[in-house]
Amino acid sequence: MTKQWWHDKVAYQIYPKSFYDSNGDGIGDIPGIIRKLDYLQDLGVDILWLSPCYPSPLADQGYDISDYYNIDPRFGTMEDMEQLIAEVKKRGMYLLMDLVVNHCSDEHEWFQKACQEPDGKYGKYFYLRDKEEGKLPTNWRSAFGGPAWDDMPGTNKQYLHMFHKKQPDLNWENPQVREEIYKNINWWLDKGVDGFRLDAIMNIKKALPLHDYAPDREDGLCNIGAMLQEAKGIGEFLNEMRDQTFRVHNAFSVGEVFCAKPDNLPGLIGENGYFDSIFDFNAAMFGFSPNGWYDCSPVTPDEYRDCCFESQKRAGSIGFLANIIENHDWPRGASRYIPEGDRCPESKKMLAALSFLLRGIPFIYQGQELGMENMAFTSMDEVDDVSSHGEYQVALKAGLSPEDALKAVSTFSRDNGRTPMHWSDEANAGFTTGSPWLKVNPNYTAIHAAAQVHDPDSVWSFYKKLIALRKNPVYKETIVYGSLEPVWQNRHNLMAYYRKGDKTILVIGNYQKQGQDVELPAAYQEILLNNYSDVSQDGCTIHLHGYQALALAF
Ligand code: TEU
Ligand code: CA
């Protein structure tokens, strides 16, 4: 495998709106990110991925872009952005922007012009169909609920939106659209950005001609998954994009890919793949129901382990997965993957170690390094996310009481990851001196950065050790490029694996409150990581404490 600059890096996702507010308007901003760069450098992360901060009506919190060449004034100015790029570089770090090009905002001038002249140049930038009374062009359900077609203002047409109605899908079949997109990517790369995270990128190719699929709910609509499975030829677009943009700049690209079929992986992340990496959502998606959030199930420790190992086996040495336990679209990992009642620093550290030392590129989501947890929303008024409001309605329609529907939203809401970052135990968790745009999780008084950065036993310090271990010159090669071999896979509530390269490392997590024993095949040479202060052992038998995590070198 040809070595690339991003292989040995650790990435950190910033959700700008909720990271740090520098001017007291309740909204996180770019100057706020600049002020916290030393915090990130101290933690040890290298690559920063910024969720969108381009001008946007924020119907989907910036994933609806109205100008690809600017910064939303709520987040700062282009000068702020340039300063951020410079400050990141100064620290030897890298910056990724979010590339949201399956759709733009309905307030983007392309869509505005398309409305004025649907049969003109810009009409061809979108998927438009003549409006027929009482019949939609196709029976597709949008990701946030309701039909994926809406009336185009001032015309007799309807347009396709796979997500919110303020996010019209761009027509990638039109070479002019592709050219516009590549031009924009190169413009940012020329500015000094080091790469992109590619939003909903597998949605760009539609199965043509567009047609109905079997309805899968009482609304008579169908999930667009079936259509995406059928779409052929996305590779032509993705290869073209890679060759005309990322390749030219030696830039890093990580794709948000949900439909990675095992035989697809070489094409996706192989030596000459469309992307340099794709996120592994196998555990995130486990237990999710096609019926909606109200019908989703929790993930047990054994299921979590099996999901991780399944992905690892598929990826093998083909390429690098981007490993996450959460992001801005999912519940907090600590809440989803650690059973209720067991969430404590030890269990959070164990989860961190198990995920972080997998083969791939670790991505940490803001607040994960503190062990931030889900929010207990007490009313839908506290919830902003469009998707959560859609799912609340789905739950009510399915017959749930408002209390139970709220509980489902509280468990799975994307806002769990979007509540403001906990910097300190001051008002509003030190996130803002004003009134925060989204309610702060009341548990910030117990979980916050100020207390953790100076505490050698904190979750934060454990993440710092994990990052340092990945960079340890003796073990780096093995952790980055070594193979992964599961062990004791049939044991209950135990996740363990070898990383084998020029060194051999055994990673063990006792995924339960009770202790349990493991027999080592031989005596280890060194303890690389331990979330307890001791290892209780008789010869090669280790008596693991509840939620103990170890990395041992042989
Ligand atoms: O997400 C793509 C996507 O498919 C989401 O609907 C995802 O399945 C869901 O949020 C999980 O709960 C990306 C972005 O990450 C998301 O924030 C945007 O809303 C979406 O694209 C549209 O741009
Ligand atoms: Ca602000």
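Residues are numbered from 1 along each chain as its sequence is written, with chains lettered from A and ligands numbered from 1 in the order of writing. The model being predicted, local features need pLDDT of at least 70 and side-chain atom pairs count only at pLDDT 80 or more, while totals for chains, interfaces and linings use all residues; side-chain values use heavy atoms, with hydrogens and water left out.

Eight strands form a closed barrel in the order β1-β2-β3-β7-β8-β9-β10-β11, with parallel pairing. From one strand to the next the twist averages 25 degrees. Strands are DSSP runs of E with at least two residues, helices are runs of H or I with at least four, and both are numbered from the N terminus; two strands pair if DSSP finds at least two bridges between them. Three parallel bridges link β2 (residues 47–50) to β3 (residues 94–99), and L48 has L95 of β3 as its bridge partner. Helix α5 lies across β3 and β7 (195–198) and runs at about 140 degrees to β7. Such angles run from 0 to 180 degrees between N-to-C directions, the axes being lines fitted to C-alpha atoms, for helices over the stretch in contact (heavy atoms within 4.5 Å).

K166 is located in the loop between β6 (157–160) and α5 (175–191). Its side chain makes a polar contact of 2.9 Å with the side chain of D106. A polar contact is a pair of N or O atoms within 3.5 Å; within protein, one must be able to donate a hydrogen and the other to accept it, and residues adjacent in sequence count only if both atoms are side-chain atoms. Beyond neighbours within four places in sequence, the contacts of K166 include P57, A59, D64 and C104.

The calcium ion (ligand 2) is coordinated at 2.2 to 2.3 Å by D21 (OD), N23 (OD1), D25 (OD), I27 (O) and D29 (OD). Donors are N, O and S atoms within 2.8 Å of the metal (3.2 Å for Na, K and Ca); water is not among the atoms, so sites may look incomplete. Along the chain the donors follow the spacing D-x1-N-x1-D-x1-I-x1-D. D21 is buried at 4% relative accessible area, and D29 is buried at 2%, where buried means under 20%, exposed over 50% and partly exposed in between (1.4 Å probe, protein chains only).

Around ligand 1 there are 15 residues, of which D60, H103, R197, D199 and D329 come nearest; a residue counts if one of its heavy atoms lies within 4 Å. A side-chain N or O atom of D60 is 2.4 Å from an oxygen atom of ligand 1. For H103, the distance from a polar side-chain atom to a ligand 1 oxygen atom is 2.9 Å, and for E256 it is 3.0 Å.
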